[in-house]
Amino acid sequence: QLPDSLESYYQEAGRAGRDGQPAQALIIIPQGEITKVKKEFEGRLPTVAFLKKLYRNLNSFLQIPYGEGQQESYFINFYDFCQAYGYQSSLAYNALKLLDNHSVLSLSPNFKKETKMRCITDHYGLSRYQANNAEMERLIKTILRTYGGIFDQLRVVNTQLLSAKCHIPMDQMEKLLQQLHRDQIFEVVMSTGDTQITFLVPREDDSTINSIAKHVHQYRESKIVQQKAMLHYVEATALCKHRLLIEYFDGVQEQNCGRCSVCVPDTTQSSEATQRLILQHLQEKPASSRELQSTLGIPNGQLLEHLGTLLEMGSIHINQYNQYEIK
């Protein structure tokens, strides 16, 4: 994967030489990767408009009223959130990280099961249900005593606490809650969260994002500059790689390093291509070195060197007619 900046590349490449011994740092780029990066990179950088939309959606998803939410923590399933609003996961994650970096919220991975409940019947219906379902009476009374406002909105309930208060095993507790949901007494929403979000400021929608808009613009511009520098480093074939790095970090390097892939061209790729060409020809029929030289146009010295390598690798052998053939 192409690093997103020369800072990242320099840090990764630097690990190779920490023992003081000679080392090579190789960037392996899949075919079409550079074109893909150029096309998609800016699309993964949140704009101010996108941040405003995501922030509103996040508050709606968690049912946080306007002006509230400060210092409250919530668990969400990040994939479910993205699916609910059709967000590309990388863009949504980068947006949440931006909000985290600018102290709008605190974001951290945290796996947790969460249960929310709301009573959807009136007091008369509830009393009648308890009279007909004695095994539910203690649980229902405990829920009502523990969670005020459960008639008005979905409330997060602590199933372990209910289990302890009612002396009901956890596996049975979940079944009873599901039964209350099926009987349309409570709305019960059980979910698994993988992300914990703590809001650090009250919900003020666009006003919240406007306060950090300048920093968001600066972030986008700096990321774009960094990415262009990384692409220039990879694509430049006539400039010393070491000089490019030094100049990027505002240093001065008047001479080429004499060690990079520009100063000392790597012949590995051309060698492998030539050997593939030889193997492709020998797959059709065996051939002598003279026939290979005549057909492929490879200088005799280079051809013999490549044939020797292929023999050592066991890819080919010499038959009884002194011809090379696939082994």
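In this predicted model, 13 bridges join strand β2 (residues 105-119) to strand β4 (residues 186-199), and the two strands run antiparallel. Helices (H or I, at least four residues) and strands (E, at least two) are DSSP runs, numbered from the N terminus, and two strands are said to pair if DSSP finds at least two bridges between them. Within this pairing, L105 has F199 of β4 as its bridge partner. Residues are numbered from 1 along each chain as its sequence is written, and side-chain values use heavy atoms, with hydrogens and water left out. Because the model is predicted, local features need pLDDT of at least 70 and side-chain atom pairs count only at pLDDT 80 or more, while totals for chains, interfaces and linings use all residues.

In general, strands of a sheet pair through backbone hydrogen bonds, either parallel or antiparallel.

Turning to the helices, the axes of α3 (residues 48-61) and α4 (residues 78-85) come within 11 Å and cross at roughly 115°. Axes here are lines fitted to C-alpha atoms, for helices over the stretch in contact, and angles run from 0 to 180 degrees between N-to-C directions. Helices α3 and α4 are therefore roughly perpendicular to each other (angles under 35 degrees count as roughly parallel, over 145 as roughly antiparallel, 65 to 115 as roughly perpendicular and the rest as oblique). L54, N57, L58, S60 and F61 in α3 meet F81, A84 and Y85 in α4, where contact means heavy atoms within 4.5 Å. By class, the residues of this contact are six nonpolar, two polar and no charged (Ala, Val, Leu, Ile, Met, Phe, Trp, Tyr, Cys and Pro count as nonpolar, Asp, Glu, Lys and Arg as charged, and the others, Gly among them, as polar).

Finally, T208 lies in helix α10 (residues 206-210). T208 counts as buried because its relative accessibility is 6% (buried means under 20% relative accessible area, exposed over 50%, partly exposed in between, with a 1.4 Å probe and protein chains only). Not counting residues up to four places away in sequence, T208 touches Y55, V104, V201, P202 and R203.
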